[in-house]
Amino acid sequence: MSRFFASTLSDSDLSSDEELLSSSEEEELLSSEEEENQKELSSDEEGKQEESEEDESDIFGSESEEEESSSDDEGPRRGPSYFLKKSFAKSDDEESESEDETRKVVKSAKDKLLDEMKNNSDAIELSKKKNSWVQISSELEKLTKNLSKAQQQNLGSGLKLFIKVIAGLEDAIAENSGSNKKKMDALNSKAFNTIKQRVKKHIKEFQKNVDLYRQDPEAFEKEDEQAENDLDGTALNDATVNKSSQKTTKLSEQSEGVFQTLRTVIESRGKKNVDINEQVASLEMLLSVVVDPFELISIYLMLIPIRFDLFSNAAYMSVETWNSVFQDISALFKILEENSNTYRVLENAVPTDDIEIQPESNKDGIKEILGSIPSLVERLDDELTKSLQVIDPHTTEYVERLKDEGKIYDLIVRCQLYCELIIPKEEYKGVAGEQLARVVLRRVEHIYYKPVQLIILAEKTTWAKLQGRESKIYPKINDLNLKGNYSDGLLDSLCSILYTQSNSIFRKKAMLCHIYYYAFNDKFYRARDMFLMSHLQSTIHTSDPQLQVLFNRALVQLGLCAFRSGLINDSQQLLQEIATSQRSKELLGQGTQRYQQQQSLVDKQRLLPFHMHINLELLECCFLTASLLIEVPTFAKTNDLNSTKQHTYSSAKSFKRALEYFDRQFFQGPPENAKEHIMHAAKALQKGDWIKASELINSIKIWDLFSKSDELKIMLKSKLQVEGLRTYLFTFKNFYEKLSIDKLANVFQTSEQKVNSVVSKMIFEEEINAALDQKTNSIIFIQGVEVSKLQELALQLADRAGQLAERNERIAAGGHQGSSQSNQQQSNSNNSNNNNNNQQSNQHNSYGVKLAPVTGALDSTPGKISGGALNGFDKRQRKNQSRK
Amino acid sequence: MSEMAPLTQEELELARQYDLSSKIIPFLDRHLIYPLIESLDLIYDEKIINQLSYDLLKETNMVKFVKDKYQTLNPGKEFPPELLEKEKFVSSELIRLDSETKNTLNILSRREVQDNLKQDKNYNKEYLEKNFQITEEKINELYEFGQFQYNRGDYVMASDLLNNFKVLSTNNDLNISATWGRLASEIIRLDWDNALQELGKLRDLVDSRSFSDPLTQLHHRTWIIHWSLFPFFNTLNGLDQLCDLFFSSSYLSTIQAACPWILRYLVAAVISTSLKNHQSNVFQKRLKDLIKVVSQEQYEYNDPLTMFLKSLYLEFDFVEAQNNLKKIEVLVKTDFFLNNIAEKCLENSRYLISEVYCRVHSKIDLLQLSESLNLSKEQGEKWIANLIKETKLDAKINESEGTIIMNHQVNSVYQQVIEKTKGLSFRSNQILMSTLQKQEN
């Protein structure tokens with residue numbers, strides 16, 4: 001296609017522009033010359049050939065370029081020529097567009113992207129002529145966006161296109177900035193200024209490419225081709241045969257050469273106009289010839305970070321590069337493990353003056369090299385997470401990518417073993433132990449949200465790959481320890497390493513992951529006690545958002561766990577804040593609100609990959625069901641006028657509102673989603689029809705997401721029985737004088753014993769005005785005097801007065817020295833329901849992650865976790881003291 | 001205790017099942033454990049008990065006692081050499097320490113010295129050092145000797161020595177240890193008043209000292225909780241004091257966090273103190289708090305006493321409550337601490353059941369009630385009559401029908417309002433007074 005295209009180009013070429021002319025001429029030239037070439041090469045060797053030729057670019061650069069642009073028939077190759085034509089020969093606009101259309105049929109995603117970019121650049125050129133900077137500005141923006149996409153897909157030609165546009169714009173700006181600027185209207189000049197700045201920025205970013213382009217546009221194009229090949233990951237192996245064979249001889253003679261190269265790489269690192277790809281290639285080449293472990297380690301320690309640099313601007317690393325980095329790190333581990341008695345890579349090693357000097361051996365004969373293996377692994381892990389954040393979770397691509405998690409987990413475990421090897425056990429708490437802690441934290445983060453079976457499976461596969469190795473922290477999985485709670489122990493021991501760290505972030509994260517894990521695996525009390533003892537809720541709102549998200553996740557998981565365990569009250573309290581929040585997605589780090597168009601990159605990075613999400617619908621469903629069980633009897637109670645206790649639960653509001661909304665609807669169809677099921681059930685329960693309610697609730701499909709859904713349904717049914725009975729009594733007590741327990745037991749399909757105890761409780765707590773008659777086995781309702789409105793108000797007033805007095809007392813006691821006794825008592829009563837309070841304060845703090853400052857305060861040390869329950873009380877006391 | 005009938009097999013198992021010794025012992029001192037172990041002879045074999053107490057005390061310096069034990073365990077056998085060695089060592093140490101401290105003690109017992117000692121410890125130190133060359137070292141010898149005497153089983157001497165030390169020493173840590181030592185000595189001497197005094201001092205020390213490590217503070221509190229069981233269950237007002245201490249916020253949370261089994265004693269104490277002040281707000285509040293704590297901790301700790309409370313006040317299951325009552329009967333007999341209040345505890349538990357029962361029912365079958373109280377019909381009738389008399393319950397016994405008829409009064413609205421507003425003006429005045437006082441200050 002490009003051949004065809006090129007010819008049309010040259011035919012219709014009207015431009016006087018040199019660049020275009022030269023390229024088109026060359027293309028023609030080549031068409032004959034190159035065909036010979038092509039015959040010699042088998043098609044699959046093409047790419048390699050290209051590269052090897054490019055390596056000697058000084059000698060016959062132009063040919064190789066031509067060869068490339070013509071030999072590759074795919075869309076991207078077509079890019080430059082098309083672009084040239086477009087940008088410099090505008091008269092052909094229409095023709096090219098028609099071509100565009102015909103081509104559309106076969107366009108791949110890459111093509112499409114390139115076309116789009118081309119359109120952008122066209123538009124920019126056009127507006128440049130018109131001097132309409134506003135338009136340029138918008139087009140440039142689109143182009144930049146497309147560029148980043150192109151970079152992800154390894155489209156070098158996209159970059160090339162971009163550079164040209166940028167260079168062109170720079171020229172135009174230089175032209176216009178002088179006299180012409182005055183002519184522009186306000187809007188235009190404003191746009192002009194923004195563009196000026198943006199172009200400056202871009203030029204800085206791609207300084208090297210732009211310079212190259214300016215020096216020699218042709219060579220520049222070639223350069224790009226090479227970059228592209230590298231990115232495609234084909235640059236490995238035989239690609240460098242020509243060059244390397246030359247160098248091999250050189251290098252084997254003189255190993256100094258290795259460090260020569262390394263030194264140049266180090267010197268150029270971080271500088272602007274350096275071609276990273278070239279460096280990667282040369283380092284890779286070195287790897288294939290070097291055998292000395294020290295040299296190998298040095299090269300790997302250089303190569304891997306450079307590979308990461310390649311994608312510092314892109315949203316995430318391409319899969320190929322990811323894999324090659326993975327292989328590099330694995331290879332590095334292999335070398336390190338083989339030579340663990342001679343070489344070790346340590347973060348706190350003494351740096352040598354020159355990289356080629358081997359570090360001096362310490363007393364054990366071990367040479368310590370400066371470097372950080374854990375951070376390499378961490379970075380690779382981050383890249384995987386980043387890509388998972390971007391990929392659509394409902395595609396197979398996501399699943400494919402997710403499989404790499406196993407790989408990274410292997411690597412993390414391997415890294416942990418290596419850290420255990422190089423760090424003595426007594427150092428775990430110290431500075432050196434931090435490396436280990438980082439790796440261990442990664443490991444914890446990879447397993448805490450998984451069910452036990454999955455963890456065990458992952459452990460099995462990992463340890464199978466690491467045969468003959470043993471961890472000091474926790475024994476490897478085998479049939480023996482599998483019988484016990486392997487995963488519990490694993491998490492416990494991993495977290496206990498983290499708890500000893502002096503950095504509070506490790507401790508906090510480990511704590512929350514630990515809590516999440518236990519909550520997820522139905523150990524409510526354990527998780528709750530840990531939650532309360534950690535006292536995280538007092539400091540969490542000053543932590544960074546990621547930690548807050550983790551906090552919320554743990555909280556929600558705890559709520560779901562309470563629900564599964566039948567602790568409806570706890571569950572409702574725990575879930576309330578998040579479930580009723582409009583921003584539940586955001587609070588759990590599972591997405592941002594739609595209205596927030598401008599979300600920063602940081603915001604995006606904070607989001608969790610899809611496989612870690614908590615099902616929001618399930619969350620809502622649990623919360624509503626819990627609310628139903630609590631609120632329906634309460635409504636029945638408060639609707640009754642005789643009741644003097646008017647409860648106004650703030651928690652009831654959301655459920656009440658939902659129920660009222662449901663009532664207002666004219667047409668109530670059969671329930672479709674979970675929420676409607678619950679609303680219908682609530683209505684049924686209000687009528688005393690508990691069977692229907694329980695059928696409705698149990699028919700909700702989402703319960704199946706819980707592993708023990710059958711048990712859950714049985715639990716819910718029995719809860720509904722009791723609450724149904726209570727509702728029934730509240731609602732209909734005014735119509736009865738005597739009600740036989742027999743009958744109630746029949747209606748609610750439960751034992752008389754149970755009815756007795758439920759009714760007794762209601763009587764004892766003065767919820768209903770009644771008494772039991774043992775002789776006739778029935779409830780006698782004592783028909784109290786009807787309370788008039790005035791009397792009711794009088795009672796309320798008395799209540800309020802009492803509350804007021806109480807509050808006054810509290811205030812007086814709080815500020816007074818002599819009354820510390822009463823103060824003490826006050827805090828007694830406060831603390832007796834300490835757990836409840838704490839839980840409530842949990843929610844307080846979970847409220848509004850966004851409200852908390854995003855940065856800073858990370859260095860605030862929380863109470864020591866090991867301190868157990870005492871911590872908080874100390875604090876409370878200190879507060880009391882300071883008040884005095 | 002002695003006239004009690006031997007336990008049946010069933011009861012024995014129950015007692016063993018709920019035996020707390022193994023949980024409590026880690027929190028006690030060796031010497032304090034001894035009486036606890038001795039009391040276990042009801043449940044366990046005598047030989048085991050002897051062996052246990054031998055193992056327990058062989059580390060101490062009570063050589064003579066250990067010898068006796070050894071002989072009962074291994075009649076006719078020679079004493080092991082290390083025991084004889086120890087005997088020698090102890091006597092030589094005793095002489096050494098005695099001679100070392102003699103001088104100091106003599107000086108301290110002089111009248112003019114005692115007159116010159118003041119509250120200020122630093123002043124005392126200087127004074128003694130200047131005039132009598134009693135350095136800090138000498139004072140620390142007192143501590144050492146005290147500890148030695150305690151280990152030897154001479155608790156009177158130990159207590160005195162430690163007391164002297166406490167007066168003079170400025171070393172905080174040793175002071176605390178000395179206080180602990182004194183408390184232990186007093187407990188073993190059954191001198192409850194002194195023990196309570198020491199306990200109070202310890203509480204102040206533990207609560208006021210801002211412990212750098214919260215964990216240490218937790219440990220100290222758990223020790224206080226366990227040790228305090230001795231004096232509290234043996235003094236007249238002890239149970240009330242126990243409730244005060246254990247319901248204070250920090251101790252309650254310590255119990256919940258570190259030693260939930262203490263709930264048994266808390267429940268027992270609350271129940272036992274219920275009769276004399278069951279109407280008071282204090283009791284109602286304690287009961288409420290207790291129920292809350294018990295229900296919170298039921299996943300961690302359960303025994304007949306806590307289950308009794310649970311079945312009565314949370315589940316209103318009278319049958320279950322009655323079952324638990326039966327178990328409590330066994331438990332209070334065998335428990336070292338509860339033994340003292342067994343009768344009171346049982347009596348009050350019965351009362352609590354009947355109270356709840358009466359409040360819920362309007363017509364009660366006398367037979368059933370008697371059954372649920374673990375009494376015969378005759379006894380039950382008598383008991384109810386007493387109850388009505390004592391507490392002025394609004395109830396009548398209908399003998400011919402065999403029922404009790406409860407008269408539930410509906411509180412009229414007026415009464416309710418009066419009830420609610422009764423204390424208001426008094427309370428407000430108090431606040432006013434205290435505020436004014438504060439201003440004056």
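Visitor: Which class of residue, nonpolar, polar or charged, has the highest count in the lining of the largest cavity?
Guide: In this predicted model, the lining of the largest cavity has 3 charged and 3 polar residues. The remaining class there counts 11 residues, and that class is nonpolar.

Visitor: What is the volume of the largest cavity?
Guide: The structure holds 10 cavities of 30 Å³ or more. For the largest cavity, the volume is about 140 Å³.

Visitor: Which residues are closest to the centre of the largest cavity?
Guide: The lining of this cavity is made up of 17 residues. Helices α2 (21-24), α3 (30-39), α16 (263-272) and α19 (318-334) of chain B each give at least two residues to the lining. Closest to the centre are B:Asp19, B:Ser21, B:Thr334, B:Asp335 and B:Phe336.

Visitor: Is A:Leu725 buried or exposed?
Guide: A:Leu725 belongs to helix α36 of chain A, residues 709-732. Its relative accessible area is 3%. The cut-off for burial is under 20%, so A:Leu725 is buried.

Visitor: Which residues is A:Leu725 in contact with, leaving aside neighbours within four places in sequence?
Guide: A:Asp689 is 36 residues from A:Leu725 in sequence, and their C-alpha atoms are 9.5 Å apart. Contact requires heavy atoms within 4.5 Å. The contacts of A:Leu725 beyond its sequence neighbours are A:Leu744, A:Phe748, A:Val755 and A:Val758.

How values were computed. Residues are numbered from 1 along each chain as its sequence is written. Chains are lettered from A and ligands numbered from 1 in the order in which they are written. This is a predicted model: local features need pLDDT of at least 70, side-chain atom pairs count only at pLDDT 80 or more; totals for chains, interfaces and linings use all residues. Side-chain values use heavy atoms; hydrogens and water are left out. On a 1 Å grid over the protein atoms alone, a cavity is a set of points where a 1.4 Å probe fits but cannot get out, and a pocket is an open set with protein on both sides within 12 Å along at least five of seven lines; lining residues have an atom within 4 Å of a point. Grid points are joined across faces, edges and corners, and a volume is the space filled by probe spheres set on the points. Helices (H or I, at least four residues) and strands (E, at least two) are DSSP runs, numbered from the N terminus. Ala, Val, Leu, Ile, Met, Phe, Trp, Tyr, Cys and Pro count as nonpolar, Asp, Glu, Lys and Arg as charged, and the others, Gly among them, as polar. Buried means under 20% relative accessible area, exposed over 50%, partly exposed in between (1.4 Å probe, protein chains only).
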